[in-house]
Protein chains: 2
Amino acid sequence: MDRALELARAAAEQGEVPVGAVVYVTQTGNVIGESANSRDGEGNPAGHAEFSAIVDAARARKDWRLNDCTLVVTLEPCAMCAGLIVNARVGRVVFGARDPKAGFVGSLGNLVDDCRLNHRVCAVAGVREEECAGLLKAFFAGLRTRRRTAS
Amino acid sequence: MDRALELARAAAEQGEVPVGAVVYVTQTGNVIGESANSRDGEGNPAGHAEFSAIVDAARARKDWRLNDCTLVVTLEPCAMCAGLIVNARVGRVVFGARDPKAGFVGSLGNLVDDCRLNHRVCAVAGVREEECAGLLKAFFAGLRTRRRTAS
């Protein structure tokens, strides 16, 4: 989570929502994918941190199956990212802040533990939650202040 | 749907699951993104046809918002793709075959019409359903025959 938080802080400095993610091989700890949020800079609706980290990891492997890997991300994944976690057969998910507005790993639903789908994932929620949520709160508070100052 | 079916047929010839997708500007009909399924060839767990078509459309626009666009896809989108449809604010979705095992635009759930999320999409299901489903059935039947012959 240290590295994921570092990536999230770097995203905030670029004006992106501060979310960071890392994919590593569960047994060795070897990182094979990492990313920060990049939606606005790249104009990419799929530019969520965990999404890019998983795609990078699969590319590095030349295989879309990541059963032996763990995803660590500072914010609860949305439906799109939870769907990718299932599609990529990610073995384990660890996340920080819960997302009551869009999270689909426990908040609005749990797509990674749906018995109707062909893969289910063990998820650990709330790891260093305050730090992860704090970054987001500070970012959006700053955004509101800048908007007020500009208007 | 003609073009989406054409893309799906081309995917089958490459050994990919035959799904095709097109994104066009609803009012003008101008196509700004299109793709076939490419998961296995590229080792990309996000290589679903409609996913790539939406990302391409956003890139072409240099904007992740596609409110004025329609997505046409031969198969009902999965959770990942339905999540992207919401994240990219796609205006309208038209699809062919229903997917009772993984579809999240009516079959297992409906992520594009969830009042808790910040965008809801009008979806039209079952357009040229038999043709779209027929392509998939023929592809998987061929796969099973080849596997039996090889074993």
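The model is predicted, so local features need pLDDT of at least 70 and side-chain atom pairs count only at pLDDT 80 or more, while totals for chains, interfaces and linings use all residues. Residues are numbered from 1 along each chain as its sequence is written, chains are lettered from A and ligands numbered from 1 in the order in which they are written, and side-chain values use heavy atoms, leaving out hydrogens and water.

**The two copies**
- Contact means heavy atoms within 4.5 Å.

**The sheet of chain A**
- Five strands form an open sheet in the order S2-S1-S3-S4-S5 (chain A), with mixed pairing. S2 and strand S5 (122–124) of chain A are the edge strands, each pairing on one side only. From one strand to the next, the twist averages 15°.
- Helices (H or I, at least four residues) and strands (E, at least two) are DSSP runs, numbered from the N terminus. Two strands pair if DSSP finds at least two bridges between them.
- Strand S1 (residues 20–25) and strand S2 (residues 31–36) of chain A are antiparallel, paired over five bridges. Tyr24(A) has Val31(A) as its bridge partner in S2(A).
- S1(A) and S2(A) make a hairpin with five residues between them. In its turn, Gly29(A) has a positive phi of about 80°.
- Strand S4 (residues 92–97) of chain A and S5(A) run parallel, joined by three bridges. Val124(A) in S5(A) stands opposite Val94(A).
- Helix H5 (residues 129–150) of chain A lies across strand S3 (69–75) and S4 of chain A, and runs at about 60° to S4(A). Axes are lines fitted to C-alpha atoms, for helices over the stretch in contact, and angles run from 0 to 180 degrees between N-to-C directions.

- Most residues other than glycine have a negative phi.
- Lys62(A) has a positive phi of about 55° although it is not a glycine. Lys62(A) sits in the loop between helix H3 (49–61) and S3 of chain A. Lys62(A) is exposed, at 73% relative accessible area.
- Arg89(A), also not a glycine, has a positive phi near 55°. The loop between helix H4 (79–87) and S4 of chain A holds Arg89(A). Arg89(A) is buried, at 17% relative accessible area.
- Buried means under 20% relative accessible area, exposed over 50%, and partly exposed in between (1.4 Å probe, protein chains only).

- Ser35(B) lies in strand S2 (residues 31–36) of chain B and is buried at 13% relative accessibility. Not counting residues up to four places away in sequence, Ser35(B) touches several residues, including Leu7(B), Val19(B) and Ala53(B).
- Pro100(B) lies in the loop between strand S4 (92–97) and strand S5 (122–124) of chain B. Pro100(B) is exposed, with a relative accessible area of 62%. Beyond four places in sequence, Pro100(B) touches Ser107(B) and Leu108(B).
- Glu76(B) is 24 residues from Pro100(B) along the chain, with 8.9 Å between their C-alpha atoms.
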